[in-house]
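My notes follow in the sequence I made them.

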Amino acid sequence: MTNSRLNFAKTAPKAFKALIGFDAAARAGLDPALVELVQIRASQLNRCAYCLHMHTSDARKAGESEERLHMVAVWHEAGHFLSEKERAALALTEAVTLIHDGGVPNDVYAAALEKFGEEELAQLLALIFTINTWNRIAITTAKVPGTDERVAR
C-alpha cells in the first residue's frame, strides 16, 4: 500500500529540522527510560501506532522489560511497576496530552514539580510537547507502523 500523503520531512525540511532540534533539547538531562515511557503513554492516548511501535521498540533496545511496557497503558491500576517519579511523569503526560479534558490539574502539576524540580519539569514538559507534535505529524501523514524512517538523532 502506497502512502499518498506528503512526506513532512521532505516537504517542510526547515520545520522538521527545528522539531528534531527541539526534541533533542527536550530529552537532554532526562532519564532515557523515563523518556520512552512518556512517549509510549502519549502515543497510546493519541492512538499513534507508528510512534507507539517506534518507542516500544526503542525501550526494548534500551533494556526496558516487557512487563513494564505492558503496564504503561494501565499504570493507574499497576503503579507498583513504576517509581513515584515515573508515575508523576505519566500523570502529567496524560493531563497535557488530554488537555481538552479540563487542562492540567493543580495536583498533577504540583506532584510533577515536587518529583522533578523546575528545570527538569521544564524538560519533561518540552518532551511531552514534542511527542504530541510527532504523534500529530505521523497520524496526519499516515505513517505506517513498523517503518521507522528516522534519521540518526
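Where is the place of A142? I found A142 in the segment after α7. Helices here are DSSP runs of H or I with at least four residues, strands are runs of E with at least two, and both are numbered from the N terminus.

**Ground rules.** I am working on a predicted model, where local features need pLDDT of at least 70, side-chain atom pairs count only at pLDDT 80 or more, and totals for chains, interfaces and linings use all residues. Residues are numbered from 1 along each chain as its sequence is written, and side-chain values use heavy atoms, with hydrogens and water left out.

**Positive phi.** A142 counts as partly exposed because its relative accessible area is 29%. The cut-offs: buried is under 20% relative accessible area, exposed is over 50%, and partly exposed is in between, with a 1.4 Å probe and protein chains only. R47 is another residue other than glycine with a positive phi, near 60 degrees. I located R47 in the loop between α3 and α4. R47 has a relative accessible area of 74%, so it is exposed. After α4 comes G63, with a positive phi near 100 degrees.

I looked up the UniProt annotation. The unreviewed entry gives "domain: Carboxymuconolactone decarboxylase-like" for residues 13–94. UniProt positions are in the numbering used here, feature names are shortened, and annotations may be inferred rather than shown by experiment. Over residues 13–94 I read 73% helix and 0% strand. The end C-alpha atoms of that stretch are 30 Å apart.

**Helix α7.** I compared its length with its span. α7 has 35 residues, but its end C-alpha atoms are only 31 Å apart. A straight helix would reach 51 Å at 1.5 Å a residue. The expected span is 1.5 Å times one less than the number of residues. I then looked for a bend. α7 bends by about 110 degrees at G117. That bend is the angle between axes fitted to the seven residues ending there and the seven starting there.

**Helix α4.** The buried residues in α4 include Y50, C51, M54 and H55. T56, D58 and A59 are also buried. Their cover includes α2 (13–27), α3, α5 (66–71) and α7.

**Cores.** I used nonpolar cores: sets of buried Ala, Val, Leu, Ile, Met, Phe, Trp, Tyr and Cys residues joined through side-chain atoms within 4.5 Å. The largest has 28 residues. Those with the most contacts inside it are V38, L92, F116, L121, L124 and L127. α3, α6 and α7 (106–140) each supply at least two residues of this core. α7 gives the most, with 9 residues. A second, separate core of 10 residues includes A42, C51, I131 and I137.

**Around L92 and A95.** I listed contacts (heavy atoms within 4.5 Å). Not counting residues up to four places away in sequence, L92 touches V104, V108, A112, L121, L124, L125 and I128. A95 lies in helix α6 (residues 84–97). With a relative accessible area of 9%, A95 is buried.

**L98.** I placed L98 in the loop between α6 and α7. Its relative accessibility is 25%, so L98 counts as partly exposed. The C-alpha atoms of L98 and L45 are separated by 7.9 Å, although these residues are 53 residues apart along the chain.

**Polar pairs.** I took a polar contact as a pair of N or O atoms within 3.5 Å; within protein, one must be able to donate a hydrogen and the other to accept it, and residues adjacent in sequence count only if both atoms are side-chain atoms. N135 is in helix α7. At 0% relative accessibility, N135 counts as buried. The side chains of N135 and S43 are joined by a polar contact of 3.0 Å. Q44 lies in helix α3 (residues 32–46). The side chain of Q44 makes a polar contact of 2.9 Å with the side chain of R41.
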